[in-house]
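Hi,

Here is the structure I promised to pass on.

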Amino acid sequence: MVIKQGDTLYLFFETKSPITMQGDIGAAKSIDKGATWEPLGIALDEAWHLSFPFVFNYNGEVSLSVTYNDIVLDHAFL
Amino acid sequence: MMPESNEIGQLNLYRAVNFPLSWKLEKVILKKPLVDSTIVHHEGIYWLIGSDHTGFGAKKNGQLEIWYSSSPLGTWKPHKKNPIYNGKRSIGARNGGRAFLYDGSLYRVGQDCGENYGKRIRVSKIEVLSKEEYREVEVPFSLEASRKGKNSWNGVRQHHFDVKQLSSGEFIGLVDGDRVTSGDLFHRVILGYASLAAAISVVILLGFLLGVVNCIVPSTWCMNYYAGKRTDALLNLETAGLFSEKLRRIGSRLNRVPPFLRGFVKPNSSMGKFTLGVIVILGLLLTCVGVRYIYGGSGAVEPYPFKGHLSQFTLATMTYDARLWNLKMYVKRYSRCPSVKEIVVIWNKGPPPDLSELDSAVPVRIRVQKQNSLNNRFEIDPLIKTRAVLELDDDIMMPCDDIEKGFRVWREHPERLVGFYPRFVDQTMTYSAEKFARSHKGYNMILTGAAFMDVRFAFDMYQSDKAKLGRVFVDEQFNCEDILLNFLYANASGSGKAVEYVRPSLVTIDTSKFSGVAISGNTNQHYRKRSKCLRRFSDLYGSLVDRRWEFGGRKDGWDL
């Protein structure tokens with residue numbers, strides 16, 4: 001999902017290895033309304049599968065919630 | 001962090017320590033393996049919407065539940081109507097992105113998992129959201145889908161849609177896509193290994209039949225075992241004896257299998273030889289299938305990025321009514337190549353076909369010409385929106401991958417004419433086939449029967465006043481429009497390289513050789529005419545003789 005800070009867009013997405021079948025949360029940045037994206041790297045990597053990041057601002061802090069569940073193995077790339 | 005957490009499944013909340021790449025676990029907000037959950041703030045309450053597939057009787061991809069709280073940190077309480085859904089997978093129960101506010105109404109994004117996990121997106125308008133009630137109704141939602149199947153990044157599945165309003169008021173939407181169905185890699189590997197296992201069995205069977213492999217279990221194995229146990233207690237001796245006796249019998253029965261099979265097939269008879277041949281072919285076939293499944297990828301043709309970006313081009317072909325059969329095949333085939341944006345059919349003669357007769361994955365436009373002229377091929381057309389045009393004759397059948405390679409090479413040098421058919425012209429000014437260019441290890445022309453060009457640069461040049469005498473000659477000869485464009489390119493490039501070759505793969509077929517409706521049908525006459533053109537255009541626009549570009553200049557070997 002995408003969030004906005006000023007005019008900069010940040011994209012958080014599931015990035016999954018088709019070999020290990022484990023997803024991590026990747027981040028990318030765009031300063032031209034999404035026309036081009038700069039990959040920033042992995043934002044969150046746990047020992048289990050992560051997907052469906054949900055990022056929001058609460059009390060001035062940015063928070064991230066993710067789906068993770070070992071049973072969900074069939075997530076496609078976001 | 002709770003160590004057992006990943007086993008029971010739960011919903012974690014992380015806080016940004018250093019946005020956007022450093023996060024710290026803040027709280028386990030729900031001790032439930034809620035998947036694809038989204039939070040929406042509505043009328044002072046936080047609503048958590050997601051699916052729990054682990055509950056008793058929960059329908060996978062068909063379940064949805066809601067929790068609410070006064071703060072995103074909890075405590076979360078279950079909605080009275082939970083589960084909101086627990087049924088069909090096609091209704092879009094499972095979330096497919098965050099819920100969003102538009103025009104005062106809340107909308108929920110769901111994924112339709114009817115045919116396959118994450119097949120398409122559905123959007124519902126939330127009409128009632130309270131602690132006791134929930135009601136949503138699906139609204140029309142159209143996401144332009146590609147018809148190119150696995151050759152398109154989103155040709156098979158789309159399962160996430162995220163929308164955000166910018167400060168300008170515009171909306172930005174992000175969607176994902178997949179060119180294969182869910183679990184495709186897993187299926188390919190299983191099928192691949194199964195085929196290889198079958199191939200190995202076939203090889204062993206073949207070994208039996210030819211007598212190369214014999215299954216011999218020596219009965220002494222069992223005897224030794226028996227002998228070694230001789231000093232054991234009586235009971236032990238008896239059971240061991242029984243066991244070894246059984247083993248010996250099985251062994252001797254196995255030993256009888258190869259001669260039996262050999263007797264059955266009779267490898268020396270003609271029927272036996274035929275059977276052996278069939279088995280060999282079957283083994284080879286299974287090996288090929290297995291290797292293809294394991295190493296062949298999804299079978300999709302993917303575009304080649306240049307500087308990290310992909311692009312698209314317009315495909316143009318010139319034809320007339322006698323070649324409608326060719327055109328149908330052409331459109332069906334090439335419209336599915338990844339980078340083709342649109343097809344323009346330059347219709348030179350006869351009644352044009354109805355668009356419904358053509359099976360295309362991209363828009364097709366038929367441009368009916370007033371005159372049957374070869375110059376129409378390079379007519380200025382403001383409706384062409386891409387910078388690149390691939391002129392490709394309707395009688396050439398080449399794989400999409402060749403075309404994608406050509407497009408990549410052209411993007412490196414958009415000022416060049418990049419194509420698949422090289423020619424070499426020397427001082428004799430005799431038009432010759434590709435063999436001649438090969439024997440001179442170089443080329444100075446690229447035929448436009450299959451070539452990429454910058455549509456504005458090429459067409460403007462071709463239709464300029466300077467090229468008028470050339471165009472008149474093309475109409476007189478009813479030939480050589482491609483040669484004329486090559487002379488114009490060379491003339492405009494100074495000493496630089498004006499043309500570039502990309503090698504087509506071996507499976508490229510030129511169907512004009514069979515159909516007999518091409519202008520190049522009579523080779524001798526055709527070549528004489530084209531030699532005449534070479535002399536005429538050399539006089540008008542300067543000679544090509546001093547130019548020669550060698551094959552194999554590229555590191556990737558695409559021009560060998």
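B:Arg336 and B:Asp359 form a salt bridge (a side-chain nitrogen of Lys or Arg within 4 Å of a carboxyl oxygen of Asp or Glu), with their closest N and O atoms 3.0 Å apart. B:Arg336 sits in the loop between α7 (324-334) and β15 of chain B and B:Asp359 in the loop between β15 and β16, so the pair ties together parts that are 23 residues apart in sequence.

Before I go on, some housekeeping. This is a predicted model, where local features need pLDDT of at least 70 and side-chain atom pairs count only at pLDDT 80 or more, while totals for chains, interfaces and linings use all residues. Residues are numbered from 1 along each chain as its sequence is written, chains are lettered from A and ligands numbered from 1 in the order in which they are written, and side-chain values use heavy atoms, with hydrogens and water left out.

Back to the charges. B:Asp359 also forms a salt bridge with B:Arg147, where the closest N and O atoms are 4.0 Å apart. That pair links distant parts of the chain, 212 residues apart: B:Arg147 is in the loop between β11 (134-139) and β12 (161-165) of chain B, and B:Asp359 in the loop between β15 (340-347) and β16 (364-368). Another salt bridge joins B:Glu127 to B:Arg135, at 3.5 Å between the closest N and O atoms. B:Glu127 is partly exposed at 44% relative accessibility, and B:Arg135 is partly exposed at 47%. There is also a network of salt bridges linking B:Arg408, B:Glu412, B:Arg416, B:Glu500, B:Arg554 and B:Asp556. Over all chains, the count comes to 38 salt bridges.

Next, have a look at B:Arg98, in the loop between β7 (85-86) and β8 (100-102) of chain B. This arginine counts as buried because its relative accessibility is 12%. Its side chain reaches the backbone oxygen of A:Val2 at 2.6 Å, and it makes a 2.9 Å polar contact with the side chain of B:Asp162. (A polar contact is a pair of N or O atoms within 3.5 Å; within protein, one must be able to donate a hydrogen and the other to accept it, and residues adjacent in sequence count only if both atoms are side-chain atoms.) Leaving aside neighbours within four places in sequence, B:Arg98 has contacts (heavy atoms within 4.5 Å) that include A:Met1, A:Phe54, B:Thr38 and B:Phe161. In the loop between β7 and β8 you will also find B:Lys88, which counts as exposed at 59% relative accessibility.

Most residues other than glycine have a negative phi, and most peptide bonds are trans. A:Phe52, however, has a positive phi, near 45°. This residue belongs to strand β5 (residues 51-58) of chain A and is buried, with a relative accessible area of 4%. B:Glu43 has a positive phi of about 50°; this glutamate lies in the loop between β3 (35-42) and β4 (45-51) of chain B and is exposed at 68% relative accessibility. As for cis peptide bonds, one joins B:Asn82 and B:Pro83, with omega about -10°, and B:Pro83 is in the loop between β6 (77-78) and β7 of chain B. Another joins B:Phe19 and B:Pro20, with omega about 5°.

B:Pro20 is in the loop between β1 and β2 of chain B. Those two strands form a hairpin with three residues between them. They run antiparallel, and seven bridges join β1 (residues 11-18) to β2 (residues 22-30); strands pair if DSSP finds at least two bridges between them. B:Tyr14, for instance, has B:Leu25 in β2(B) as its bridge partner.

Finally, chain A: zero helices and six strands, with 54% of its 78 residues counting as buried.

Cheers

Conventions: Buried means under 20% relative accessible area, exposed over 50%, partly exposed in between (1.4 Å probe, protein chains only).
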